Amino acid sequence: MSRISTFPDAGRQTTAPGGRQGSPLTLSEVFAEARSGAGAAGFVLSQLARGAAPILWIQDRMSCRETGRPCLAGLGDGRTLLRMEITRPADVLVAAEEGLRSKALGAVIAELWGDPPALNFTATKRLALRAEATGVPCWLIRHSGTADLSAARDRWRIASLPSAPNPDDTKAPGDPRWRVDLFRSRDKPPMLWVARHDRAADRLDLSAAVSDGTLAAGAGPDGQRAIG
Amino acid sequence: MERWQREQDRTGNAPSADLPQVLVVEGAHGPVVHAANRAACLAGVATGARVVDMRAICPSLRVDYADPQGDLAALERLALWARRWCPWTAADGQGLILDTTGSDHLWGGEPAMLAEMEGRLSLLGLSSRLALAPTWGAAWALARFGPVRAIWRGAADLAPLPVAGLRLGDETALLLHRLGLKTVGDLAAVPRLALARRFARAQLAENPLLRLDQMTGHLAEPLAPPDAPAVFCAEARLAEPIFDPTHHLPGLCDDLCARLAVAGHGARRLRLTVYRTDGEVASIEVAMAAPSREAAHLVFLFRDRLERIDPGFGFDLIALEATVTEPLAVVQANLAGGRDEALELSRLVDRLTVRFGVGAMSRAVPRASHIPERAEGRMPPLATPAPLPPPSLAERPLRLLDHPEEVRVLYAVPEGPPAQFVWRRQTHRAVRYAGPERIAPEWWQDRPGTRLRDYFKVEDDTGHRYWLFREGLHDDGRGGDPRWFLHGMFT
């Protein structure tokens with residue numbers, strides 16, 4: 001079982017203000033498996049570059065009611081959180097696109113519930129182009145949605161796993177672990193990991209979920225790469 | 001009267017203008033005439049007379065009730081519309097007052113301005129009597145008792161006017177009449193001391209001496225418009241009425257921004273007003289998070305809202321005013337000439353606020369409280385938060401439900417951790433737990449009888465981590481058995 005700490009990156013530009021691997025400066029889509037909304041949000045936060053730039057966090061009403069709102073105390077590092085709660089999913093996309101026009105933001109996170117008709121290929125393409133033009137990462141968190149046609153450069157599926165053993169208390173849950181499935185990507189091979197989020201160091205430890213190592217061994221020939 | 005005529009025209013049952021018609025209000029002894037049309041005036045109907053007397057004079061008189069409140073409201077709207085001529089306008093209940101100081105040359109002199117006003121008002125179907133004088137009182141008297149389109153030439157103009165032109169009450173005017181003081185000139189000839197002694201206790205509205213001083217300018221009488229006109233304003237006058245201001249907006253914004261730049265100011269609040277051809281004004285406002293004089297940004301803020309303006313039957317004057325401005329110096333954020341992040345953020349806040357409303361975007365700030373829902377507050381996006389309280393050492397979930405949801409829990413009575421719970425009709429079996437973390441109620445703001453909370457971080461058999469709390473203890477005497485709630489989710 002190989003052990004890596006960052007995702008493979010095919011030469012794409014990423015921010016690294018604090019010497020840390022940042023998230024790709026484009027649109028990524030994260031599908032939260034049932035009741036794993038917090039896990040998906042935690043994964044997205046672990047992927048963001050550290051910095052003082054504010055995060056614009058947009059939720060539609062349904063995802064706010066069903067999975068709760070982001071809690072500042074749970075975010076940990078003293079980031080500035082700009083929250084928006086919007087009723088209609090189409091307006092969430094409009095607000096996210098407005099946010100991506102500004103270079104002052106550290107990231108734009110939009111949460112959508114289900115499969116709104118407004119979230120079609122055109123809408124995601126607009127978001128992706130806008131994010132790449134300004135260099136602000138955009139993350140789309142989808143709760144109970146289906147992976148339909150999308151222009152997102154990376155598409156992930158996150159599910160919660162039982163947590164790592166707690167060194168201080170055997171009965172207590174330890175560091176969270178997720179099953180991270182990169183099932184579509186523009187420039188990375190699709191892969192399945194078990195990620196353990198080290199909260200103290202804010203680091204993501206990855207290990208391949210497939211034990212025989214065929215997928216983890218390498219990127220494979222170019223022709224087999226998935227196109228998102 | 002003319003407003004009534006237009007109303008009737010609109011509803012399609014207007015009587016012929018040849019029939020005598022009066023509008024009445026209720027008086028002390030039955031209805032009295034409030035206004036009469038031209039035919040009624042020719043028949044001898046006098047304003048203020050009782051309707052029964054007038055019926056005796058003119059048996060074919062048609063009577064309808066007047067609407068003084070509606071007249072007043074219409075006059076106030078007309079006062080706003082009259083800002084097309086000069087910025088300071090007000091309605092005084094019987095007419096309009098315009099302070100045209102410094103704006104008559106824009107209309108080609110005083111006589112041309114009065115002619116233009118009368119023409120515009122007659123296009124609305126309103127007849128008007130206009131007068132121009134250095135003081136409010138003199139203009140009031142000249143308009144009512146002077147010649148047509150009177151323009152002040154000197155104090156001698158006022159002398160032949162009747163004392164009713166002093167804006168006095170009926171009783172005082174009658175008293176002066178009985179005293180033989182029939183004109184303003186007569187009154188001015190009386191020694192001041194005698195007048196002052198006679199009317200020592202009279203209020204302003206009944207005091208001829210004070211009114212005379214106001215008319216001659218010895219006593220100041222400033223104009224009080226409903227809201228102060230803006231300092232920075234750009235206007236576009238159109239030859240023909242139009243319905244859509246979109247094409248004129250960039251030019252207006254450029255114009256306004258140039259004026260703001262000269263004065264070194266930036267706009268915080270903008271108002272776009274259109275002056276409709278039917279004598280009304282309609283306006284929309286936008287606000288900005290930070291002062292700005294960037295024309296493209298201002299145009300953008302109005303972009304989606306222009307459709308909310310009500311054009312009526314078209315408008316021929318568009319005014320863009322900066323109602324609130326702040327000094328805005330030309331600054332260079334950094335020597336390298338890079339972009340200014342604070343500015344970009346304020347621009348973003350403007351765009352989102354214009355689109356989604358003022359309360360849609362908020363900034364989460366920590367507050368000094370241990371109760372989770374009180375530990376976080378909301379502030380406007382660009383507000384500077386107070387110094388942060390020291391963060392709690394205890395672990396908090398990433399997501400918090402707005403209202404804790406009640407769950408049914410199996411647990412070891414009295415204070416054991418949850419072993420199994422039902423949340424949203426699904427059964428979760430707790431595998432591991434951490435806690436409890438006891439949070440006592442804040443007695444200085446909670447109601448009496450609020451129960452303490454014991455929080456548990458629970459991991460279920462599918463690997464999800466929840467934040468549950470038990471409200472109260474079994475024997476705390478604050479209600480029955482404690483209830484359990486699910487409050488948040490950990491990553």
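Two residues are taken to be in contact if their C-beta atoms, placed from the backbone, lie within 7 Å. The structure is a predicted model, in which local features need pLDDT of at least 70 and side-chain atom pairs count only at pLDDT 80 or more, while totals for chains, interfaces and linings use all residues. Residues are numbered from 1 along each chain as its sequence is written, and chains are lettered from A and ligands numbered from 1 in the order in which they are written. Helices (H or I, at least four residues) and strands (E, at least two) are DSSP runs, numbered from the N terminus.

In chain B, the buried residues of helix H7 (170-178) pack against helix H8 (184-189) and helix H10 (208-216). Thr172(B), Ala173(B) and Leu176(B) are the buried residues in H7(B); a residue counts as buried if 20 or more other C-beta atoms lie within 10 Å of its own, as exposed if 12 or fewer, and as partly exposed in between. The three cover an arc of only 100° around the axis, so they lie on the same side of H7(B); the arc is that of the directions from the helix axis to the C-beta atoms. Asp170(B), Glu171(B) and Arg178(B) are exposed on the face turned away from the buried side. H7(B) is followed by Gly180(B), which has a positive phi near 90°.

An open sheet of chain B contains 4 strands in the order S8-S11-S9-S10, with antiparallel pairing; two strands pair if DSSP finds at least two bridges between them. Strands S8 (232-242) and S10 (281-292) of chain B each have a single partner strand and stand at the edges, so one side of each is left without a neighbour in the sheet. Neighbouring strands are turned by 15° against each other on average, direction ignored. Axes are lines fitted to C-alpha atoms, for helices over the stretch in contact, and angles run from 0 to 180 degrees between N-to-C directions. Strands S9 (265-276) and S11 (315-327) of chain B run antiparallel and are joined by 11 bridges, and Thr273(B) stands opposite Ala319(B) in S11(B). Helix H12 (295-303) of chain B lies across S9 and S10 of chain B and runs at about 130° to S10(B).

Cys253(B) lies in helix H11 (249-263) of chain B. Cys253(B) is buried, with 25 other C-beta atoms within 10 Å. Beyond its neighbours within four places in sequence, Cys253(B) is in contact with Ala295(B), Leu298(B), Val299(B) and Leu320(B). The C-alpha atoms of Cys253(B) and Leu320(B) are separated by 7.6 Å, although the residues are 67 apart along the chain.

A further open sheet in chain B has 3 strands in the order S2-S1-S3, with mixed pairing. Strands S2 (30-36) and S3 (62-65) of chain B stand at its edges with a single partner strand each, so one side of each lacks a neighbour in the sheet. Strand S1 (21-27) of chain B pairs with S3(B) in the parallel sense over 4 bridges, and Val24(B) stands opposite Tyr65(B) in S3(B).

The contact between the chains takes 40 residues from chain A and 39 residues from chain B. Among the elements of chain A that each supply at least two residues to the side touching chain B are helix H1 (37-47), strand S4 (69-70) and helix H4 (89-100). S4(A) pairs with strand S14 (399-411) of chain B in the antiparallel sense over 2 bridges, with Arg69(A) opposite Leu400(B) in S14(B).
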